[in-house]
Amino acid sequence: MKQIAVVGVGYVGLVTAACFADLGNKVIALDIDEERIARLKRGEMPIYEPGLEELVRRNVHAGRLAFTTSYREALDGTEFAFIAVGTPEGVDGEADLRYVEAAAKSIAETMREPLIVINKSTVPVGTGDWVADIIRQHQPEPVPFSVVSCPEFLREGSAIADFMNPHRVVLGSTDKDAAEKVAQLHLPLRAPIIVTDLRTAEMIKYASNAFLATKISFINEIANICEALGADVEEVAVGMGYDPRIGPLFLKAGLGYGGSCFPKDVKALAHMAEEKGRHPQLLHAVMEINADRRRMVVERVKEMLGGALEGKTVGLLGLAFKPNTDDMRESPAIDIARGLQEAGATVRAYDPIAMDNAKAIMPGVTMCADPYALAEGSDALVVVTDWNEFKQLDLEKVRDLMRQPVMFDGRNIYDPEKMCALGFRYHGVGRGYACPQPEADEAEDAM
Ligand code: UGA
């Protein structure tokens with residue numbers, strides 16, 4: 001049984017701690033937030049992630065997982081210390097490393113035995129070397145240590161499955177012995193293990209996220225062109241995806257990427273490039289296309305409602321940046337609601353689990369009890385998040401409750417032909433199909 005400390009019980013830290021415990025290690029997870037640790041000790045999760053509560057409970061019960069606010073307790077007898085603290089966006093788009101710095105200092109001041117410090121947080125290229133300098137400078141007396149980069153590739157909503165079945169494990173270090181020991185920890189996962197230097201490992205994480213964000217902006221650009229030329233982006237993506245050089249994943253056109261990773265990481269990579277005098281044109285295009293998706297929704301809803309939004313009520317189906325999470329960070333819903341409000345609309349919303357988080361950051365948006373309460377009296381509905389429960393709605397009931405049956409499906413969850421047949425004025429994203437135009441007098445009646 002290996003003993004592991006995990007510093008930071010945010011998203012990545014808590015999943016990492018619980019999963020390593022489940023693999024049979026003894027894990028002590030540390031956070032300086034006393035309230036957060038107290039809640040975890042009571043079995044309350046600070047984040048929503050399917051399966052996490054049960055995983056934590058099982059491993060705490062088995063004595064393999066414990067929580068603390070004390071570095072002394074966390075590091076005592078430990079050979080491995082993961083740093084998994086947040087790296088929020090700084091003022092100029094660079095990553096803010098204050099929590100990484102604080103963790104490195106506390107580790108340095110507390111450690112008494114040789115330690116392998118493994119960085120899991122997404123950090124700018126060069127941070128591993130910087131962390132090593134901080135530890136060296138803050139050790140009261142020299143104790144051997146190594147820094148290894150081990151970037152995480154977890155997705156919110158499927159983080160546990162992603163941890164347990166990784167496509168690869170990336171390890172960066174100049175200390176081959178330390179990298180080998182960290183590789184041993186990951187052996188039960190039966191994944192390819194890539195050992196490289198620190199900076200290259202850090203770069204693999206940014207390049208991976210930037211590539212995925214590029215795929216999303218690419219397909220959204222194609223969606224725009226499909227709309228103009230009468231093609232269907234859903235089928236275009238299927239047709240492209242069969243080519244193994246392209247692949248079918250991350251080709252879902254919609255409202256663009258959100259969340260705590262892609263927006264921040266693409267910006268941080270562009271910032272790193274510019275600091276060194278490079279011109280990351282592609283990354284800027286990726287970000288611009290993404291921002292345009294949110295503006296496009298407001299324009300489209302305006303058009304569908306006859307050119308003006310004053311006095312109109314628009315309902316947002318979904319708020320979270322993607323399904324199966326209550327995370328509102330950088331969710332398209334925030335900009336879309338603001339844009340609609342600025343254009344004069346009253347905005348209401350429903351989300352299965354993100355409404356509590358949304359309330360604080362979406363002023364003036366009324367939260368509704370369910371999708372039908374949202375539909376009642378709405379002039380238009382916008383599908384923002386592709387929650388499964390929205391795919392199963394009684395659409396005839398929705399139509400009858402609405403003031404006007406106008407639906408902008410930002411995630412293409414409905415069949416356009418069926419929606420039109422049901423009497424909706426319906427638009428998806430990047431789909432050539434347009435509802436047959438009503439006769440002139442019918443159109444007037446509908447206004
Ligand atoms: C992303 C990466 O997928 C993980 O590999 C990585 O570890 C993580 O960032 C991170 O850096 O921590 P996550 O942000 O949880 O994970 O979410 P994704 O499932 O990747 O989705 C990101 C955004 O892209 C969502 O807003 C989603 O709606 C959007 N998306 C995704 C699309 O618009 N189209 C797609 O085809 C796929």
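Biologist: How far apart do the C-alpha centres of domain 1 and domain 2 lie?
Modeller: In this predicted model, the C-alpha centres of the two domains are 34 Å apart.

Biologist: Where does the protein divide into domain 1 and domain 2?
Modeller: Domain 1 covers residues 3–196, and domain 2 covers residues 197–447.

Biologist: How many residues from each domain does the contact take?
Modeller: Domain 1 gives 32 residues to the contact, while domain 2 gives 26 residues.

Biologist: And what area is buried between domain 1 and domain 2?
Modeller: The buried area is about 2,500 Å², and carbon and sulfur atoms give 58% of that area.

Biologist: Which residues in domain 1 lose the most area to domain 2?
Modeller: They are Y48, V125 and E156, which together account for 26% of what the domain 1 side buries.

Biologist: How many salt bridges are found across that interface?
Modeller: The rule finds four salt bridges between domain 1 and domain 2.

Biologist: Which elements give two or more residues to the side of domain 1 that touches domain 2?
Modeller: These are helix α6 (127–138) and the strands β6 (145–149) and β7 (169–172). By residue type, this side of domain 1 consists of 13 nonpolar, 11 polar and eight charged residues.

Biologist: Let us turn to the ligand. Which of the residues around it come nearest?
Modeller: There are 20 residues around the ligand, and E152, L154, E156, K205 and N209 come nearest.

Biologist: How far is a backbone N or O atom of L154 from an oxygen atom of the ligand?
Modeller: That distance is 2.7 Å for L154. For L251, a backbone N or O atom lies 3.4 Å from a ligand oxygen atom. A polar backbone atom of F321 is 3.1 Å from an oxygen atom of the ligand.

Biologist: One last topic: what does a side-chain oxygen of D33 reach at the start of helix α2?
Modeller: The D33 oxygen comes to within 3.2 Å of the backbone nitrogen of E35, where helix α2 spans residues 34–41.

Biologist: And which residue with a positive phi follows α2?
Modeller: That residue is G43, with a phi near 90°.

Conventions. Residues numbered from 1 in each chain as written. Predicted model: local features only at pLDDT ≥ 70, side-chain atom pairs only at ≥ 80, totals over all residues. Heavy atoms only, no water. Domains from an automatic or database assignment. Contact = heavy atoms within 4.5 Å. Buried area = accessible area lost by both parts, 1.4 Å probe. Salt bridge = Lys/Arg side-chain N within 4 Å of Asp/Glu carboxyl O. Helix = DSSP H or I, 4+ residues; strand = E, 2+ residues; numbered from the N terminus. Nonpolar A, V, L, I, M, F, W, Y, C, P; charged D, E, K, R; others polar. Near = heavy atom within 4 Å. Polar contact = N/O pair within 3.5 Å; in protein donor to acceptor, adjacent residues only side chain to side chain.
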